[in-house]
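Dear colleague,

Please find the structure below, followed by a short account of what was found in it.

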Amino acid sequence: MKKSLLLLIISISIFSCKKENTVQKNGTFEYTGALGDIEHLIHEDSMTVAEIQAALPAQILSLVSLKNSIRIFTVEYKTVNQTGDTIKASGIIIVPKVDSFAVPIVSYQHGTVLQRSDAPSFGMGVEVLLNIAFASEDGVVACVPDYIGLGTGDGLHLYLNPWEEANSVRDIMRCARKLVKQRDLAQLNGQVFLYGYSQGGHATMAAQRQLEKENADEFKLTASAPMAGPYCLSRTSQFNVMLDSVFYPNPF
């Protein structure tokens with residue numbers, strides 16, 4: 001994971017509705033079934049090692065040793081919002097093509113984006129490419145959730161809401177686990193890694209707290225790396241920035 005964290009920091013510095021089985025509830029759609037179930041497989045693709053090599057920026061490519069071809073799934077899955085409604089969220093799941101060993105699940109939490117279409121599932125941005133590199137080199141199942149209210153999911157994105165961030169992370173990992181098992185894509189070894197940067201640092205910390213307090217029997221959290229996140233707004237200068245009347249170029 002040390003190499004993964006180094007690649008993430010370098011990359012950031014470089015590039016600084018399917019409605020069946022639903023019922024109406026309080027003006028929103030509630031999806032039946034278990035959290036983490038795939039509501040819609042939006043897109044499925046695969047990449048050979050050569051194709052991955054051609055897609056990666058030189059700065060990432062120089063630090064990895066690509067070994068595995070991969071499959072990329074863009075999914076919509078069931079999760080739950082802060083009011084307890086079951087809704088749809090979206091994200092990406094990257095599965096390496098490995099046969100000889102069991103692999104862990106890694107969830108990467110992305111930084112702040114301002115539009116739904118800026119979410120990871122809409123394109124091959126640097127954060128998605130980074131996780132493609134990890135999946136190919138280290139042989140991990142990599143999850144990249146869009147967060148609730150971004151991508152093609154339901155609802156409004158509640159920025160830095162820890163419950164919705166954590167739910168989107170937990171349930172995309174459930175989704176990945178079910179996808180891998182249903183399609184017999186790989187064997188999982190039970191290990192879980194979390195990491196993220198900026199808003200993703202906050203989301204990673206929120207997910208870590210939830211997994212440890214509520215889902216410890218379901219997920220074996222092996223390591224967590226929440227980086228550069230606004231972890232405690234009310235006790236830091238970041239809260240003052242929101243209250244001050246002075247101009248600030250990033251209103252989010």
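Apart from neighbours within four places in sequence, Asn 131 is in contact (heavy atoms within 4.5 Å) with Ile 94, Tyr 108, Ala 142, Val 144 and Tyr 195. This is a predicted model, in which local features need pLDDT of at least 70 and side-chain atom pairs pLDDT 80 or more, while totals for chains, interfaces and linings use all residues. Residues are numbered from 1 along each chain as its sequence is written, and side-chain values use heavy atoms, without hydrogens and water.

Asn 131 belongs to helix α4, residues 126–138 (helices are DSSP runs of H or I, at least four residues, and strands runs of E, at least two, numbered from the N terminus). The side chain of Asn 131 reaches the backbone oxygen of Glu 127 at 2.8 Å.

Helix α4 lies across β3, β4, β5, β6, β7 and β8, and runs at about 50° to β5 (axes are lines fitted to C-alpha atoms, for helices over the stretch in contact, with angles from 0 to 180 degrees between N-to-C directions).

An open sheet of 7 strands has the order β3-β4-β5-β7-β6-β8-β9, with mixed pairing (two strands pair if DSSP finds at least two bridges between them). Strands β3 and β9 stand at the edges with a single partner strand each, so one side of each has no neighbour in the sheet. Strands β6 and β7 run parallel and are joined by 3 bridges; Val 106 stands opposite Ala 142 in β7.

Yours sincerely

Note on methods. A polar contact is a pair of N or O atoms within 3.5 Å; within protein, one must be able to donate a hydrogen and the other to accept it, and residues adjacent in sequence count only if both atoms are side-chain atoms.
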